[in-house]
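Please look at the model below before reading on.

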Amino acid sequence: MASIYIETFGCQMNEADSQYVADRATAAGYAITGNPAEASVVVLNTCTVRDNAERRAYGRMAHFKALKTADPSVKLIVCGCLAEQDKDTMQAGVPYLDGVFGTRDLARLGDALAAWRPSFDDDLSLADERLLLEPLGGHADCVGDAYAHVRAFVNVQRGCSYYCSYCIVPHVRGRFDNRPLDEILAECRAAIGRGARELTLVGQTVNAYREPASGADFSDLLEAVHALDGLDRLTFLTSHPKDYTAKLAATMGALPRLNPRFHLPVQSGSDPILRRMNRKYAVADYRAKIAAFRAYCPDWALTTDLIVAFPGESEDDFTATLALCDEIGFAQAFMFVYSPRRGTPAALWEQVPAGVGGERLRRLAATIDRGVRDWHAAKLGRTVRALVVGPSRKDRSKLAAKTTDNVTVIAPAGPLGEAQLRTRPWLDVRVGEAFTWGCTGEVVGIAERYAGVAQAVDARPVIDLIAG
């Protein structure tokens with residue numbers, strides 16, 4: 001059978017886009033494969049938010065040249081943000097590509113997949129040249145494993161209209177384009193019908209959502225999705241401080257099935273740097289937003305994004321960022337050294353030396369890690385309910401799961417197998433150790449629903465007296 005391999009770089013927006021491509025492919029008669037050497041079509045869904053993601057994407061294109069050489073019938077496709085940014089030059093620079101589809105071209109990619117499908121034999125026989133290829137590596141996305149159905153990402157909005165001076169997103173994804181509420185709810189119902197226990201509403205600036213027809217805001221959207229029958233848990237990414245209102249804070253505190261984790265990027269603790277970033281708020285504004293958040297959601301995890309060594313950042317500016325992080329005590333943070341992006345204003349400004357950026361990142365990580373360790377240590381001795389992700393990548397005899405506040409927990413699988421966890425994907429894990437990356441423990445129960453009663457799990461080995 002014809003098959004498609006999808007590899008995704010970047011954020012949850014790209015993950016949701018890859019799922020759209022996978023859905024169009026399966027509807028056209030393709031199977032999803034985890035091995036690029038077996039695929040009829042190989043899709044790289046790319047990111048350009050940071051230089052490293054861009055270089056990795058071009059590196060993967062070079063890796064896949066060997067596959068095209070071994071079997072020219074393979075279709076090699078690039079889509080996503082980098083494809084949008086470089087669509088006028090990418091095909092000339094990488095001539096063995098069969099198609100470049102930007103962020104606004106996903107429907108056209110779906111149409112192309114359907115058009116190509118008849119050219120692939122149903123009985124795929126791999127050429128000897130393919131079989132002799134060295135392993136191509138990479139991580140496949142959208143492969144239907146036993147746990148793929150338990151989570152679903154739902155795009156509610158595309159693009160961004162805020163034009164932060166460091167960000168390429170408005171240039172490659174366009175301005176705000178909000179989906180109709182009824183369309184979002186229909187997709188959510190479909191995901192729940194397929195067995196999703198957790199929905200993530202995704203947007204570049206998700207809390208700026210406005211329903212095109214009625215003007216309903218993000219609070220209204222949350223309430224509408226939260227009311228759907230069969231929903232276990234709901235969460236969303238990513239918010240902007242400018243659009244965090246008292247109404248949204250109150251709504252978050254009032255919805256019991258909303259995951260107790262709020263991601264609100266601050267980027268810097270220095271007002272001069274925030275102005276240069278065009279972030280549209282000051283540090284005092286951010287503090288006020290956090291105070292409102294904690295008034296309604298006192299026990300939630302607060303996570304953030306931070307950029308160090310932004311053009312013009314002095315030692316005093318950086319020290320202000322450290323002080324803010326120490327004051328707030330984030331439960332997690334995504335931290336980056338500033339990376340110039342072609343086409344953005346900040347890329348033209350005088351840059352902070354690379355060595356300075358690396359040193360500041362290490363100091364920032366040390367500050368953030370104190371809050372992270374404290375958050376994880378608070379779970380010691382407690383039994384937490386977490387949604388299974390699958391086998392641990394480092395040890396497949398163990399299970400990985402995520403708590404509702406997005407903490408990774410690892411525990412031995414013991415007698416539990418895919419058949420049980422497919423229908424009972426919620427794990428009750430007694431936490432025994434806490435680390436910066438997450439927690440470890442033992443599974444003491446599994447449940448079909450987050451609010452359901454757990455079935456006890458005996459982790460002790462079973463002795464088969466008859467076989468003995």
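## Aromatic pairs

Rings of Phe, Tyr and Trp (its six-membered ring) pair if their centres lie within 6.5 Å; planes under 30 degrees apart count as stacked, over 60 as edge-to-face and the rest as tilted. The model is predicted: local features need pLDDT of at least 70, side-chain atom pairs count only at pLDDT 80 or more, and totals for chains, interfaces and linings use all residues. Residues are numbered from 1 along each chain as its sequence is written, and side-chain values use heavy atoms, without hydrogens and water.

The whole structure holds 14 aromatic pairs. One of them joins Tyr30 and Phe120 edge-to-face, at 6.3 Å centre to centre and 65 degrees between the planes. Tyr30 lies in the loop between helix H1 (12-27) and strand E2 (31-32), and Phe120 in the loop between helix H5 (106-116) and helix H6 (128-131), so the pair ties together parts that are 90 residues apart in sequence. Helices (H or I, at least four residues) and strands (E, at least two) are DSSP runs, numbered from the N terminus. Tyr30 and Phe120 are both buried. Buried means under 20% relative accessible area, exposed over 50%, and partly exposed in between (1.4 Å probe, protein chains only).

Phe293 and Trp300 also pair edge-to-face, with 6.1 Å between centres and 75 degrees between planes. Phe293 is buried at 0% relative accessible area. Trp300 is buried too, at 13%. Phe293 and Trp300 belong to one aromatic cluster with Phe218, Phe236, Tyr244 and Phe262.

## Charges over rings

A charge sits over a ring if NZ of Lys or CZ of Arg is within 6 Å of the ring centre and within 35 degrees of the ring normal. Arg233 places its charged end over the ring of Tyr450, 4.4 Å from the centre. Arg276 lies over the face of Trp349, 4.6 Å from the ring centre.

## The second largest pocket

A pocket is an open set of points on a 1 Å grid over the protein atoms alone, where a 1.4 Å probe fits, with protein on both sides within 12 Å along at least five of seven lines; lining residues have an atom within 4 Å of a point. The second largest pocket has a volume of about 240 Å³, taken as the space filled by probe spheres set on the points.

Its lining has 13 residues, and the closest to the centre are Lys379, Arg382, Val384, Thr404 and Asp405. Strand E14 (residues 383-391) gives the largest share of the lining, three residues. By class, the lining has five nonpolar, three polar and five charged residues.

## Helix H1

H1 has 16 residues; at 1.5 Å a residue they should span 22 Å, and the end C-alpha atoms are 23 Å apart, which agrees. The expected span is 1.5 Å times one less than the number of residues. Buried residues of H1 include Met13, Ala16, Asp17 and Val21. After H1 comes Gly29, with a positive phi near 105 degrees.

## Backbone exceptions

Leu237 and Thr238 are joined by a cis peptide bond, with omega about -15 degrees. Thr238 is in the loop between strand E10 (233-237) and helix H10 (246-254).

Gln267 is not a glycine, but its phi is positive, near 70 degrees. Gln267 lies in the loop between strand E11 (261-263) and helix H11 (271-277). Gln267 is buried, at 7% relative accessible area. Asn278, likewise not a glycine, has a positive phi of about 60 degrees. Asn278 lies in the loop between H11 and helix H12 (283-296). Asn278 counts as partly exposed, at 31% relative accessibility.

How values were computed: Ala, Val, Leu, Ile, Met, Phe, Trp, Tyr, Cys and Pro count as nonpolar, Asp, Glu, Lys and Arg as charged, and the others, Gly among them, as polar.
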